[in-house]
Amino acid sequence: MVLTMNKISKTYKGGTKKALDSFSTSLTAGVYGLLGPNGAGKSTLMNIITDNIKADSGSIDYDGSNIQKMGKDFRNILGYMPQHQGLYDDFSANRFLWYMAALKGLKKKLAKERIEYVLDLVNLRNDAHKKLGSFSGGMKQRILIAQALLNDPEILILDEPTAGLDPKERVHIRNFISEVALNKIVIFATHVVSDIEYVAKEVIFLKQGKLILQDTPSKVLSQMENKVWQAHIPVDKLNELQKQYMVSNIVGEKNNLVAVKIVGDNLQSELDASPALPTLEDIYLYLFNDFNKERRA
Ligand SMILES: Nc1ncnc2c1ncn2[C@@H]1O[C@H](COP(=O)(O)OP(=O)(O)OP(=O)(O)O)[C@@H](O)[C@H]1O
């Protein structure tokens, strides 16, 4: 089970910059967290893998076969949960899944089995006859993941599956994703770094269409030593500090002091700071904030 992307590039009609710029990687079973700010190219990449849009150049192979040539055979092993999927509010969950199963071309007997299976998997069996319009945000996300799993895909693509969820639902969904990922390639695109910190086998950072870093969370964290610092400063210096540095965390302390976590290069002497343990979120800020660019310039 290997999905290989070879130098994929895409510029939209009328666009001046590349939405994807020679993107290459190789994915095997497990969860890949796809991280990047708005406009980094995440949706473009997912739309190219799912064949919703065509790349200008480059190719994608699955187990050595070109996915364009595989055609329907590739679509049959793909599950996709798009970011903005219109839900049919008047449909019951059950009817929605039957409808999606028909679109995927599942035969009636198999569709019945799979619908029962996915309803159990996402813990919505008892709500299957309720209208989607009455579902909570978390239930809606779960039914959308369920439809992506109807064909038991080998490749599962999830575009912001935890958007708009409360912390409990969020933990529930991500645990569920790591469970189903045991024998699937899962691409999990998100802005919420903490969602993938604990479930991703590898994290892929995408910036302006380019892959800038891909590694296991622990290796990414270890590469970022000496980029995250902590200092204790008087509270009245906080505003000034935030104008000059990327402050990732602030905690009030006694005696008008605040403990701050700051992300950036060589801050030890400048700020009388000591090294702090980085989180993936700190690394995201380091890679995507403009403070470092300005400071390096
Ligand atoms: N249909 C389109 N036509 C023209 N430009 C587009 C189109 N879709 C995306 N773009 C541009 O391509 C670039 C990549 O966009 P893309 O939607 O892939 O990013 P993203 O990482 O998914 O962003 P977000 O997190 O906001 O969903 C952006 O500069 C965007 O403006």
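In which sense, right-handed or left-handed, does α4 pass α5 in this structure? The crossing of α4 over α5 is right-handed, and the model in which it is found is a predicted one.

**The chain**

- The protein chain has 297 residues, of which 48% count as buried.
- Taken along the principal axes, the box filled by the C-alpha atoms of the protein chain is roughly 70 × 45 × 35 Å.
- Among the contacts in the protein chain with a separation of 6 or more, 68% are accounted for by residues 24 or more positions apart.

**The pair α4 and α5**

- The axes of helix α4, which spans residues 93-103, and of α5 come within 10 Å and cross at roughly 135°, and α4 and α5 are therefore oblique to each other.
- On the α4 side, the residues that take part in the meeting with α5 are N94, L97, W98 and A101, while α5 contributes K108, A111, K112, I115, V118 and L119.

**Helix α5**

- Helix α5 has 14 residues and reaches 20 Å from its first C-alpha to its last, which is close to the 20 Å expected at 1.5 Å a residue.
- The buried residues of α5 are A111, R114, I115, V118 and L119; seen down the axis of α5, they fall within an arc of 130°, so they line one face of the helix.
- These buried residues of α5 pack against α4 and α6.
- After α5 comes N123, whose phi is positive and near 60°.

**Helix α7**

- Helix α7, residues 167-180, has 14 residues and, from its first C-alpha to its last, reaches 20 Å, close to the 20 Å expected at 1.5 Å a residue.
- In α7 the residues E169, R170, I173, R174, F176, I177 and V180 are buried, and because they cover an arc of only 160° around the axis, they are on the same side of α7.
- Exposed residues P167, K168 and E179 are found on the other side of α7.
- The partners against which the buried residues of α7 pack include the helices α5 (108-121), α6 (137-148) and α8 (193-197), and the strands β3 (30-35), β7 (155-159) and β8 (185-190) are also among them.

Terms used. Residues numbered from 1 in each chain as written. Predicted model: local features only at pLDDT ≥ 70, side-chain atom pairs only at ≥ 80, totals over all residues. Heavy atoms only, no water. Helix = DSSP H or I, 4+ residues; strand = E, 2+ residues; numbered from the N terminus. Expected span 1.5 Å × (residues − 1). Buried < 20%, exposed > 50% of the residue type's maximum accessible area, 1.4 Å probe, protein only. Arc of directions from axis to C-beta. Contact = heavy atoms within 4.5 Å. Axes fitted to C-alpha atoms, helices over the stretch in contact; angles between N-to-C directions. Parallel < 35°, antiparallel > 145°, perpendicular 65-115°, else oblique. Left-handed = near helix turned anticlockwise from the far one by under 90°.
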